[in-house]
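Let's take a walk through this protein chain together. Keep the picture open and find each spot as we get to it.

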Amino acid sequence: MLQDLLRGGLVVWSRWVLGLLWVVCLLPTFVFEVFAGHLFPLRTAVAVCVVGKTVGASLCFAIARSLSHTVEPERLLARHRRLQALARVVHEHPLKTTLLVRFAWLPAPVKNYGWTVVGIEYRIFLLATLAEGPVYALPAAVVGSQVDDLADVVSGKTQPGWAGKLMVATGLGCLLLLL
């Protein structure tokens, strides 16, 4: 019994690490979330996704911060008006702006690596990442749990049905709520 528990824990832990690496390597998280939903019970899948995405996003943030001296954010901001405006809004409303960006359907690299350019604090980034994680992980994991064959979903033979619609509604609802 203990061996089964440890083996099961090791499988979950290895998926957390895979999720972390998935995010750091700039791969689309939706694929990972659907895959986790297909492999694990729903609660475990959401936990794996949230932990993997949060730790991965934090690692991306740390990498970007440590390399920011090579990019020189001040020079980058000085050359781009839109970035200047974004930085100004971030400094006026850091949590709301970060939540809006985290919940927006933007590429993960922009949200994880690029967000350091505007000078956001890590604790604000982490809070917004933790808030966003389960909201998008749950519908994607449900999509994964609803299908018999992931290859059919990827090829378009099977549609995710109501779970896919839930995911779109979740994204739109978050966007309207934060605006």
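Proline 109 touches Leu26 and Gly114, once residues up to four places away in sequence are set aside. You'll find proline 109 in helix H8. Is proline 109 buried or partly exposed? With a relative accessible area of 28%, proline 109 is partly exposed, because buried would mean under 20% and exposed over 50%. Now look for phenylalanine 61: its C-alpha atom is separated from that of proline 109 by 9.8 Å, although the two residues are 48 apart along the chain. Keep in mind that this is a predicted model.

Stay in helix H8, which covers residues 108–112, and go to asparagine 112. Asparagine 112 has a relative accessibility of 3%, so it counts as buried. Which residues does asparagine 112 contact, leaving aside its neighbours within four places in sequence? They are Val23, Ala57, Cys60, Phe61, Arg102 and Phe125.

How many aromatic pairs does a search of the whole structure find? The search gives 4, and here are two of them.

| Pair | Centre to centre | Angle between planes | Type |
|---|---|---|---|
| Phenylalanine 61 and phenylalanine 125 | 4.5 Å | 25 degrees | stacked |
| Phenylalanine 103 and tyrosine 136 | 6.1 Å | 55 degrees | tilted |

Why is the pair of phenylalanine 61 and phenylalanine 125 called stacked? Its planes are at 25 degrees, and planes under 30 degrees apart count as stacked. Phenylalanine 61 sits in helix H3 (residues 42–66) and phenylalanine 125 in helix H9, so this pair ties together parts that are 64 residues apart in sequence. Both of these phenylalanines are buried. Phe61 and Phe125 also belong to one aromatic cluster together with Tyr122.

The other pair in the table links distant parts of the chain too: phenylalanine 103 is in helix H7 and tyrosine 136 in helix H9, 33 residues apart. Are these two buried or exposed? Phenylalanine 103 is buried, at a relative accessible area of 9%. Tyrosine 136 is buried as well, with a value of 4%.

That brings us to the two helices themselves. Helix H7 spans residues 94–103 and helix H9 residues 122–146; their axes come within 9 Å and cross at roughly 35 degrees. The crossing of H7 past H9 is right-handed. On the H7 side, the residues that meet H9 are Pro94, Leu95, Thr98, Leu99, Arg102 and Phe103. Their partners in H9 are Ile124, Phe125, Leu127, Ala128, Thr129, Ala131, Glu132, Val135 and Tyr136. Sorted by class, this contact has 11 nonpolar, 2 polar and 2 charged residues.

Now zoom out to the whole chain. How many helices and strands does it have? There are 11 helices and 0 strands, so reading along the sequence you get the pattern α-α-α-α-α-α-α-α-α-α-α. Of the 179 residues in the chain, 38% are buried. Among contacts between residues at least 6 apart in sequence, 75% join residues at least 24 apart.

Notes:
Residues numbered from 1 in each chain as written. Predicted model: local features only at pLDDT ≥ 70, side-chain atom pairs only at ≥ 80, totals over all residues. Heavy atoms only, no water. Helix = DSSP H or I, 4+ residues; strand = E, 2+ residues; numbered from the N terminus. Buried < 20%, exposed > 50% of the residue type's maximum accessible area, 1.4 Å probe, protein only. Contact = heavy atoms within 4.5 Å. Axes fitted to C-alpha atoms, helices over the stretch in contact; angles between N-to-C directions. Left-handed = near helix turned anticlockwise from the far one by under 90°. Nonpolar A, V, L, I, M, F, W, Y, C, P; charged D, E, K, R; others polar. Phe/Tyr/Trp six-rings, centres within 6.5 Å; stacked < 30°, edge-to-face > 60°.
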